[in-house]
Amino acid sequence: MTIVPVSRRTFIKSSTALTAGLVLSPAIIGRAEAATLKLKCSSSLPNDPKYANGRVYYDNLVKNLKANGLGEQVEVAFFPDNQLGQEIDVINSVKLGVIDLMVSGSSISANLVPLVGTFDLGYLFASFEQQTKAFDAGAAKPIEDALLKGGNIRVIAWAYNFGARSVLAKKPVKTPEDLAGLKIRTLPNPVITECLRLMGAAATPLAFGEIYTALQAGVLDGLEHDAPTILASKFFETSKHYAMTQHIFSPLAIYFSDMTFNRMDPKLREGFLDAAKKAAADSRVHGRAVEKEALATLGEKGVTVIECDREAFRKRVAPQTENFMKARPESKPVIDIIRATQA
């Protein structure tokens with residue numbers, strides 16, 4: 001296991017040199033792979049082995065690589081807590097092959113390929129179990145193909161964020177009227193921003209690494225995220241009301257640079273991809289188990305968990321999906337599969 005604290009400047013400098021070396025010396029690649037293939041894996045979340053999905057996935061990946069007999073052949077260095085930059089920078093580095101792996105929600109890649117934003121539509125999924133069935137029925141394939149074609153990025157596995165996205169705020173929220181005027185942080189993603197706007201909030205896009213200080217300074221009145229992430233990132237220290245809007249069941253994507261995929265030895269690649277998919281399945285089980293525990297722990301830390309009027313929010317958001325399909329007709333087959341899938 002390699003969890004590396006590093007400054008972003010140092011990383012960029014070393015990555016530039018590494019990229020130049022790979023371009024100029026293809027023979028070196030073969031020798032490196034014959035020995036130990038070194039990969040970089042990024043996550044924006046803290047280095048929490050229980051509540052942070054990036055670290056949980058990484059630990060499962062290392063475990064499954066060893067089980068597949070690749071512990072000595074593949075070394076994955078883990079960079080949590082935005083060490084390699086904000087997510088929008090990291091996803092572009094994955095596109096360019098500077099960073100090999102990224103564990104993050106589907107939302108961030110919608111900035112590269114807007115069709116991925118289909119999965120961020122408000123109240124599209126009813127549960128993570130339904131999501132998995134829909135993906136198995138073919139809903140994920142068009143999204144994966146579009147991201148590979150338009151972003152040079154593979155989704156090698158899907159996992160779960162550790163709970164549905166709900167609203168943590170500095171005041172109680174039970175209805176759309178309660179959200180009116182509240183500056184709620186959203187991902188810098190137009191689909192999620194629109195969802196929160198329709199719910200009634202003053203949706204405020206902001207990079208993940210800037211949330212805590214913005215809450216402290218009063219720039220934000222709250223954010224929307226899952227309970228384990230709120231716990232791991234200590235956002236509960238600034239806001240004490242968690243409304244269970246459950247507006248988005250956001251899938252967690254394991255992004256893999258196509259450049260890294262193509263330079264791997266095929267035999268090694270097969271074993272690695274198998275381990276990566278098993279790690280995602282393990283992470284899904286873990287995520288379902290810790291969501292309830294995280295909610296209970298938030299309660300112990302003074303957060304009031306509120307059962308809000310989800311149907312009122314759902315009705316406010318309903319036009320979003322229809323408008324999205326009109327703007328992006330290619331999303332309709334994906335949405336049809338999801339709607340036809342029972343939990």
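**Exercises on helix packing and backbone angles**

N152 is situated in the loop that joins α6 and β5. The model is predicted, so local features require pLDDT of at least 70 and side-chain atom pairs pLDDT 80 or more, while totals for chains, interfaces and linings use all residues. Residues are numbered from 1 along each chain, and side-chain values use heavy atoms, without hydrogens and water. Helices (H or I, at least four residues) and strands (E, at least two) are DSSP runs numbered from the N terminus.

**Exercise 1.** Determine the backbone angle phi and the accessibility class of N152.

*Solution.* Step 1: most residues other than glycine have a negative phi. Step 2: N152 is not a glycine, yet its phi is positive, near 60 degrees. Step 3: buried means under 20% relative accessible area, exposed over 50%, and partly exposed in between (1.4 Å probe, protein chains only). Step 4: N152 has 25% relative accessibility and therefore counts as partly exposed.

**Exercise 2.** Locate the buried residues of α6 and state what covers them.

*Solution.* Step 1: in α6, residues 141–151, the buried residues are I143, L147 and G151. Step 2: these residues lie on the same side of α6, because they cover an arc of only 35 degrees around the axis; the arc is taken from the directions from the helix axis to the C-beta atoms. Step 3: an α-helix has 3.6 residues a turn, so residues three or four places apart point the same way. Step 4: the cover includes α4 (87–96), α5, β5 (153–160), β11 (251–257) and α15, where contact means heavy atoms within 4.5 Å.

**Exercise 3.** Describe the packing of α5 against α15.

*Solution.* Step 1: α5 (residues 128–139) and α15 (residues 332–340) pack at about 130 degrees, and their axes are 9 Å apart. Step 2: α5 is therefore oblique to α15; angles under 35 degrees count as roughly parallel, over 145 as roughly antiparallel, 65 to 115 as roughly perpendicular and the rest as oblique. Step 3: Q130, A134, A137, G138 and A139 of α5 meet V334, I337 and I338 of α15. Step 4: by class, this contact of α5 with α15 contains six nonpolar, two polar and no charged residues. Ala, Val, Leu, Ile, Met, Phe, Trp, Tyr, Cys and Pro count as nonpolar, Asp, Glu, Lys and Arg as charged, and the others, Gly among them, as polar.

How values were computed
Axes fitted to C-alpha atoms, helices over the stretch in contact; angles between N-to-C directions.
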